[in-house]
Amino acid sequence: MSVYLNSVIARFEGYKKLGEKTFAQLSDEQLFWHYNAESNSIATIVQHIAGNMLSRWTDFLTSDGEKAWRNRDAEFENHITTKDELLNEWNKGWGCMMNTLRSLTEDDLQKVVYIRNEPHVVIDAINRQLAHYPYHIGQIVFIGKMLDGEGWKSLSIPKGKSEDFNREKFGGKN
């Protein structure tokens with residue numbers, strides 16, 4: 001597998017973990033909370049990410065990434081009702097994408113695929129999703145952090161702990 005594909009897979013796996021660490025900190029009720037009628041709950045965002053992943057990554061090299069069976073608008077009308085359903089949708093989308101990425105070869109990277117009838121070199125199509133999914137995962141984390149407030153456990157370096165982190169990483173030599 002190419003250095004690029006290994007790097008992309010590692011980045012995606014990192015973003016998937018951020019989402020899952022957020023889900024783990026929240027109650028079922030919090031996963032369905034939304035600020036107002038125009039905003040999305042975490043469950044709705046998950047539904048959208050999963051729908052996008054299934055559409056984009058199914059038959060990735062041979063069919064348009066916007067499948068005829070996808071109903072994007074319905075992804076924003078939440079149909080998920082439990083945390084188990086949320087995790088099932090999440091894992092279905094991620095599984096589809098990761099299986100596809102792991103099946104690609106160096107030779108595939110220069111091929112052309114289509115998304116909404118627009119041509120993309122495979123590398124660009126991957127990069128497009130590498131920008132899209134973290135955008136939504138950032139929303140998930142932000143909502144989670146707002147909802148959990150003081151109980152929130154940082155997913156990176158906690159506020160005020162950068163020196164401790166660097167000291168640990170550099171063995172006191174920074």
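Me: What is the relative accessible area of Asp59, and is the residue buried or exposed, or in between?
Reply: Buried means under 20% relative accessible area, exposed means over 50%, and partly exposed lies in between (1.4 Å probe, protein chains only). Asp59 has 48%, so the residue is partly exposed.

Me: What kind of model is this, and what pLDDT do local features need?
Reply: Residues are numbered from 1 along each chain as its sequence is written, and side-chain values use heavy atoms, leaving out hydrogens and water. This is a predicted model, where totals for chains, interfaces and linings use all residues, side-chain atom pairs count only at pLDDT 80 or more, and local features need pLDDT of at least 70.

Me: Where does Asp59 sit, and what is its phi?
Reply: Asp59 lies in the loop between H3 and helix H4 (72–75). Most residues other than glycine have a negative phi. Asp59 is not a glycine, yet its phi is positive, at about 50°.

Me: What is phi of Arg116, and in which loop is Arg116?
Reply: Arg116 is partly exposed, with a relative accessible area of 40%. Its phi is positive, near 55°, although the residue is not a glycine. Its loop is the one between strand S1 (112–115) and strand S2 (118–121).

Me: How many helices and strands does the chain have?
Reply: Helices (H or I, at least four residues) and strands (E, at least two) are DSSP runs, numbered from the N terminus. From that end, the order is α-α-α-α-α-β-β-α-α. The count is 7 helices and 2 strands.

Me: How far apart are the end C-alpha atoms of helix H1?
Reply: The expected span of a helix is 1.5 Å times one less than its number of residues. H1 covers residues 3–25, which is 23 residues, so it should span 33 Å. The model agrees: the end C-alpha atoms are apart by 34 Å.

Me: Which helices do the buried residues of H1 pack against?
Reply: Buried residues of H1 include Leu5, Val8, Ile9, Phe12 and Phe23. Lys16 and Gln25 are also among them. Contact means heavy atoms within 4.5 Å. The buried residues of H1 pack against helices H2 (28–31), H3 (42–57), H5 (83–103) and H6 (122–148).

Me: What share of the contacts with a separation of 6 or more joins residues 24 or more positions apart?
Reply: The chain has 174 residues, and 38% of them count as buried. Of the contacts with a separation of 6 or more, those between residues 24 or more positions apart make up 72%.

Me: What is the N to O distance in the salt bridge of Lys111 and Asp108?
Reply: A salt bridge is a side-chain nitrogen of Lys or Arg within 4 Å of a carboxyl oxygen of Asp or Glu. Asp108 is buried, at 7% relative accessible area. Lys111 is partly exposed, at 41%. Their side chains meet at an N to O distance of 2.8 Å.

Me: Which residues form the network of salt bridges that share partners?
Reply: The structure holds 10 salt bridges. One of them joins Lys161 and Asp164, at 3.9 Å, N to O. Shared partners link salt bridges into one network, made of Arg56, Glu66, Arg70, Glu75 and Arg116.

Me: Is Arg70 buried or exposed?
Reply: Arg70 meets Glu66 in a salt bridge (3.0 Å, N to O). Glu66 counts as partly exposed, at 21% relative accessibility. Arg70 has 9%, so it counts as buried.
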